[in-house]
Amino acid sequence: MGISEIWTFASHGGYSMAVIILLSVVAAVIAIERAIALWGLADETRRLSAYVIKALYRGDVAEARAACERSQTPFSDLLLAAFTRYGKGAPERIAAAVERERTQVGMRLRSRLWMLGTIGAISPFVGLFGTVIGIMAAFEDLAAQPGGGFAVVASGISEALIATAAGIAVALEAVVLYNYFSSRVAALMLTLKVNAEEVLELLNLQPPQAGVEKREVG
């Protein structure tokens, strides 16, 4: 189907098709933006976690923190929340700070996903609105030409059916994208939690400020 045919098909759906097409484009843009934002975060989290764990096994807390400061990943934000409080409070307080940071990271990763959910919810109703308008137009045409038969109402019914189909199609697109990215974020949040807990366990075994003193002396 060529561009001209697609345009002709869409134009038969009435004014509601403009809204439906706009919603479809917005959903696609959000999906691309979230795909870029989430790309490779799980692998980067595992690499940073492995590096920090090796540094902590050596007792080099300063190097572990420096690695987090060099990184731009959400996982580094979690670990920096721990390193900032290292040696200044009980392990429970450090863990609580990490969990708070993890909650904030989760909110950032889920940003704009609510728009996909909203599009998935309202698109069928926009299509239904187009359906109602199309049926109304069909009855108006029939009233204007009582003896015209099916040919008189065909245009209005076609508009109604196209709007309905388009609304359902966009809703399916948005819901699938919403579920996909929600599952991606949930899996990433679990990865952050598991790796952060492993790092915290090793950090709590370190002598207070030992890594920092070692680096300053060297």
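Analyst: Buried means a relative accessible area under 20%, exposed means over 50%, and partly exposed lies in between, with a 1.4 Å probe and protein chains only. By that rule, R34 is buried, since its relative accessible area is 5%. One note before we go on: this is a predicted model, in which local features need pLDDT of at least 70 and side-chain atom pairs count only at pLDDT 80 or more, while totals for chains, interfaces and linings use all residues. Residues are numbered from 1 along each chain as its sequence is written, and side-chain values use heavy atoms, leaving out hydrogens and water.

User: How many of the residues, in percent, count as buried in the protein?

Analyst: The protein has 218 residues, and 39% of them count as buried.

User: Now the overall fold. How many helices and strands are there?

Analyst: Helices (H or I, at least four residues) and strands (E, at least two) are DSSP runs, numbered from the N terminus. Here the protein has nine helices and zero strands. Read from the N terminus, the order of elements is α-α-α-α-α-α-α-α-α.

User: Why is helix 4 described as largely enclosed?

Analyst: Helix 4 covers residues 61-70, and seven of its 10 residues are buried, so it is largely enclosed by the rest of the structure. The buried residues are V61, A62, E63, A64, A66, A67 and C68.

User: Next, salt bridges. How many are there?

Analyst: A salt bridge is a side-chain nitrogen of Lys or Arg within 4 Å of a carboxyl oxygen of Asp or Glu. The count for this structure is nine. One of them joins E33 and R34, with N to O at 2.7 Å. In this pair E33 is partly exposed, at 27% relative accessible area, whereas R34 is buried, at 5%.

User: What else is linked with E33 and R34?

Analyst: R112 is, for E33, R34 and R112 make up a network of salt bridges. You will find R112 in the loop between helix 6 (91-109) and helix 7 (113-144). R112 counts as partly exposed, with 34% relative accessibility. Its backbone deserves a look too: phi of R112 is near 75 degrees, a positive value in a residue other than glycine.

User: Which residue forms a salt bridge with E101?

Analyst: The partner of E101 is R108, and their closest N and O atoms are 3.9 Å apart. E101 is buried, at 17% relative accessible area, while R108 is partly exposed, at 42%.

User: Where do K193 and E197 lie?

Analyst: Here is the general idea. An α-helix has 3.6 residues a turn, so residues three or four places apart point the same way. In this structure, K193 and E197 both lie in helix 8 (residues 150-204), four residues apart, which is about one turn of the helix. They form a salt bridge whose closest N and O atoms are 3.3 Å apart. K193 is partly exposed, with a relative accessible area of 31%, and E197 is partly exposed at 43%.

User: How do I read an aromatic pair?

Analyst: A pair of aromatic rings is described by the distance of the centres and the angle of the planes. Rings of Phe, Tyr and Trp (its six-membered ring) pair if their centres lie within 6.5 Å; planes under 30 degrees apart count as stacked, over 60 as edge-to-face and the rest as tilted. This structure holds one aromatic pair. Y180 and F181 form it edge-to-face, at 5.1 Å centre to centre and with 70 degrees between the planes. Y180 is partly exposed, at 42% relative accessibility, while F181 is buried, at 4%.

User: Which residues make the nonpolar surface patch?

Analyst: Patches are made of residues with over 30% relative accessible area and no salt bridge: like charges are joined within 9 Å, nonpolar side chains (Val, Leu, Ile, Met, Phe, Trp, Tyr) within 5 Å. Areas come from the Shrake-Rupley method with a 1.4 Å probe; for residues, only the protein chains shown count as cover. Here F125, L128, F129, V132, I133 and M136 make a nonpolar surface patch of about 600 Å². Among them, L128 has its place in helix 7, and L128 is partly exposed at 47% relative accessibility.

User: How far apart are A165 and T131 in sequence and in space?

Analyst: They are 34 residues apart in sequence and 9.5 Å apart in space, C-alpha to C-alpha. A165 lies in helix 8 and is partly exposed, at 43% relative accessibility.
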